Amino acid sequence: MRIDFDPDQSDRNTFYRLLTATVVPRPIAWISTTSADGTDNLAPHSFFTISSVTPPVVQFTSVGRKDSLRNIEDTGAFVVNLAPEPLFEQINATATDFPRGIAEFDACGVEREPSLRVKPPRVAQSPVALECELHSTLRIGDSTVVFGRVVHAAVDESVMADGHPEITRMRPLTRLGGNEWGTLGGIREIARVPYVPED
């Protein structure tokens, strides 16, 4: 037996919890931005994925109008930092609803490093950082999808294997439902099956 949920008959938070507990695991974009007055912001966003490879574009969704979104709209730049397992508590701390003007890097003890192509700093201990210039935004309901063109990628050599970042070395965190987070579990490999037409 199934339980039916009608989004038109459910309150916003009930359906939010249903969606975020169902669409799992979700990769985390740890977004660093710099406000127009120079304050560095850092916040995790778990509605995140790749939009395009040529040109390279990534996207994340700001649910509501948060500082990350405002800063990107004002300055046109941001960095997607990989959220690695060893920084779990700091990543969670940067999700705190700090008043505008407080730099999460400082409040949560996260070390910065300069970016190469954009003004917002990178997270020094994040193994992968994607420096982005704003491509476009799309408003959908109470949320805004932010598309960023990747203008530079910085990868720590310690996580590289065979020319690309290797997942067991990166140890990315994911978001699940409620207050749950996911760590890297078992990995299965299987090759794609090519189509072979019958004679």
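Modeller: The side chain of Ser-68 makes a polar contact with the side chain of His-45, at 3.2 Å. This is a predicted model, in which local features need pLDDT of at least 70 and side-chain atom pairs count only at pLDDT 80 or more, while totals for chains, interfaces and linings use all residues. Residues are numbered from 1 along each chain as its sequence is written, and side-chain values use heavy atoms, with hydrogens and water left out.

Colleague: What is a polar contact?

Modeller: A pair of N or O atoms within 3.5 Å; within protein, one must be able to donate a hydrogen and the other to accept it, and residues adjacent in sequence count only if both atoms are side-chain atoms. Another case joins the side chains of Ser-143 and Asp-142, at 2.9 Å.

Colleague: Is Ser-68 buried or exposed?

Modeller: Buried means under 20% relative accessible area, exposed over 50%, and partly exposed in between (1.4 Å probe, protein chains only). Ser-68 has 1% relative accessibility, so this residue counts as buried. Ser-143 is also buried, at 11%.

Colleague: Which residues touch the most other members of the largest nonpolar core?

Modeller: A nonpolar core is a set of buried Ala, Val, Leu, Ile, Met, Phe, Trp, Tyr and Cys residues joined through side-chain atoms within 4.5 Å. In soluble globular proteins, nonpolar side chains tend to be buried together. Here the largest core has 13 residues, and Trp-30, Leu-42, Ile-91, Val-110 and Val-123 touch the most other members. A second, separate core has 12 residues, including Ile-31 and Leu-69.
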